[in-house]
Structures are given as C-alpha cells and as structure tokens.
Amino acid sequence: MAWYRRSKLGFDTICRYFTAPKPPINQLSKLTSASNNPISFPKTSPTGYRYYYVDSRQVRHFKPRGFKRWIDNPRNALIAVLVGSGIGVTMYFGNVETIPYTKRRHLVLLSKNMERTIGESQFQNMKAGFKGKILPAMHPESVRVRMISKDIIEALQRGLKKEQVWTDLSYGSESGSASETRGKEMLMAMTEETTAGDKWEGKDEVLNDMWVDETRKKGKDKGVKSATAHLEGLKWEVLVVNDHVVNAFCLPGGKIVVFTGLLEHFRTDEEIATIIGHEVAHAVARHAAEQITKNLWFTIGQLILYQFVMPDLVNTMSNLLLKLPFSRRMEIEADYIGLLLMASAGYDPRVAPKVFEKLGQVSGDSALRDYLSTHPSGKRRSKLLSEASVMQEAISIYREAIAGREVDGFFL
C-alpha cells in the first residue's frame, strides 16, 4: 500500500500545480525564497488572494482570502431548511384549532391572553372615544340589549355543554383613560371599506351548505374536539352607544357594543338577537385572531412579491384573491353559529334571513355599506341561510327551547 500512497501524493501534487492559479512573476522570487521554509505563512496580495507558500515537500498551497458564506455549503443549507421546516410544522400543529359546530380548522398564532388583552384595550378606547354618547345602564334600550345578550350568552353555555365559565353579564360604564378620538378611530378601522368589495358576487357561491357539511363530516370522522378554552372566565359586558352608525360587534373577551343607529332599523327582539348572535359567534370562532394571523402571512407574502411585481398590483391581487374570500367565509360561519345561538335562546331563527336581506337594503344609504364591503351581499346571504341545513337544525332547537326543553351540546 506504500506505493499507492506515494503515487496518489504525486498525482495530487501534479493536479494542484496545473489547476492552481499562477502568482504574478514579480512575486515568484518571494515564493522561491520561501520554498525551504516549512512554516512559511501566506501573505495577502493586492488582488484579494493570498500568496502561494511552499512547504517542505515543495507543494504549493493557495487559499482565497476571507471565509466562505455558510449558505454556500450545501450541508448548511440543508440543515437550515430542515430546521426551518421543523419550526414551521411545530408552530402550525401547535396553534391550529377547531371551530365549534363547523369543525373548520384554522391557524391562530395569537395567544388567548393576548387576544383578550387586545379586546379589553379596544373596549376601553371605545368607551373613552364615545364619552357622553353611552346610554346609562338603566336606559330602556340598554336594558333591552343587555337582556337579549344575556339570553344569547346562556345559549352559548348550553351549546358548549359546559358549566358556568364566565362571570355574570354587566353593563359597561362610561369611563376610560384613553384619548377620546381612539374610539372613533377604532370604529372607522373596523368599518373601513375594502376596495373592489362589490365585484365579488360570484365568489359567494363557494360559501354554501356543502362547504359546512364537508368540514363537519371530516371533523366528526377524525374525532377532533372544538376549541373552547378562549371562552373560559370571560367577563361579558354590553355597551349601547347613542350614535347613528348602523353597526354592532363583539370584541374578543366578551365585549358587546351596539349602536342606536342599528336599533332604529331593527326594532323587534328577534332581529336584535339575530345580529347579537352573529357578533358573539365571531368571538366563539376567534375570527379576529384568525384575521390577524392571516394578515401576518399576507404581509410576509407581499414583501416577497414586492421584489418582483409592482406594489399596487400586489395589493390589489392579494385583496381580491385572499382577503375578501377569507372574510366572507368567516361571515357565513358566524351566520350559522349565530343562528343556533338565537334558536337556543328562544328566538325564532326563521327571522334571520330577512334580517340579513334588510341589512343589504340599509347599506345603500348608511355607514353599514362600508361595514358590508367584505360581507356577502344581503340577498345572497339570506338565500344561503334560508336554504342551509342548519336552518332545520335551528328550528328544531327553537321548538325545544320554547317548549321548555333545553338542548345541550349542539356545538360539539
């Protein structure tokens, strides 16, 4: 084997000699003088490379200046991909949840405590921003809205088949330390119009009963459990604001806000229960936290696309192809969950389609049009809900409720 090692050493020496870059002629003398020095160290040349040095075996050595980037090493790149994929998979499966009733699985990166904190902060800003416009707790409209909300919340408790997991419903007092403009700014942000929102009537076709039935069937087959931990220990509060804005919403953490502009158009308890049930359903499904997560991915995707496509085109396409369909799917999901809530609370669910159709009519001459910009059209919404199988389920629950027989666990 000694002859093999000597032959290989000679062959490697010849290859290095012919393949290595030759030093400039004016430096050759330096290399020759260093040939008998086995510990001769390389010096940096003006061209950015190191000089040759010759060891005791007359072998020339050459190394480029600096160090190689870590990504240039295929092994390092592979390790980075594997680690990144592992982190991504862990984050996904560690934060994916199942929505009650529809069994749709969605990714929520926002923690429950953070979501509740955001809701509390927005509620305080709302109270400060509308200071002087908040109706007293004993005002007839405040009492009425609070009683209807109490029925909806108790229905939610029965739907989840849980013991008492929240404190008693209270009325939000007119107090807050935030700026008075913050509440109005938040309302404008929540009702901000999305561009080209009226161009997606055909897109509503995907939000039909078949989609819900498929997700429910998959969820039941897999035996997944609905996520309800975010509803535990909530301090539910109701606030009625004397403003002509036709709007109502439920902030994360159980903060229900209703504007008198809405009560002017919807006078019956069934109509108000329909809207409050719909808004509470958003909190049940954690739609606010889901939308924040989606906006994070949209922002990352847009930053990447900005390197190749015009920013205006990126914003328009991401809005039309991603944000609007997702928002409308959430609205249909809230319609379904809210329908079951109002039925369990003893309100006739057959009123709901008429309420949503009326919402579409009201949107033509009020601020509600901006609110509906990411919602399905009123007529389409009414048609889908009246023909959905959930309507028959809601009617059955309603009949049991008015007969004094409560139905438990209809979300699970």
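Colleague: How many aromatic pairs does the structure hold?

Modeller: There are 2 aromatic pairs. Rings of Phe, Tyr and Trp (its six-membered ring) pair if their centres lie within 6.5 Å; planes under 30 degrees apart are stacked, over 60 edge-to-face, and the rest tilted. This is a predicted model, where local features need pLDDT of at least 70, side-chain atom pairs count only at pLDDT 80 or more, and totals for chains, interfaces and linings use all residues. Residues are numbered from 1 along each chain as its sequence is written, and side-chain values use heavy atoms, leaving out hydrogens and water.

Colleague: Why is the pair of Phe130 and Phe259 edge-to-face?

Modeller: Their planes stand at 75°, with centres 5.7 Å apart, so the pair counts as edge-to-face. Phe130 is in the loop between α4 (112–129) and α5 (140–160), and Phe259 is in strand β8 (residues 255–259), so parts 129 residues apart in sequence are tied together. Helices (H or I, at least four residues) and strands (E, at least two) are DSSP runs, numbered from the N terminus.

Colleague: And which aromatic pair is tilted?

Modeller: That one is Phe249 with Phe259, at 6.2 Å centre to centre and 50° between the planes. Phe249 belongs to strand β7 (residues 248–251).

Colleague: Is Phe249 buried or exposed?

Modeller: Buried means under 20% relative accessible area, exposed over 50%, and partly exposed in between (1.4 Å probe, protein chains only). Phe249 has 4% relative accessibility, so it counts as buried. Phe259, at 0%, is buried as well, and Phe130 is also buried.
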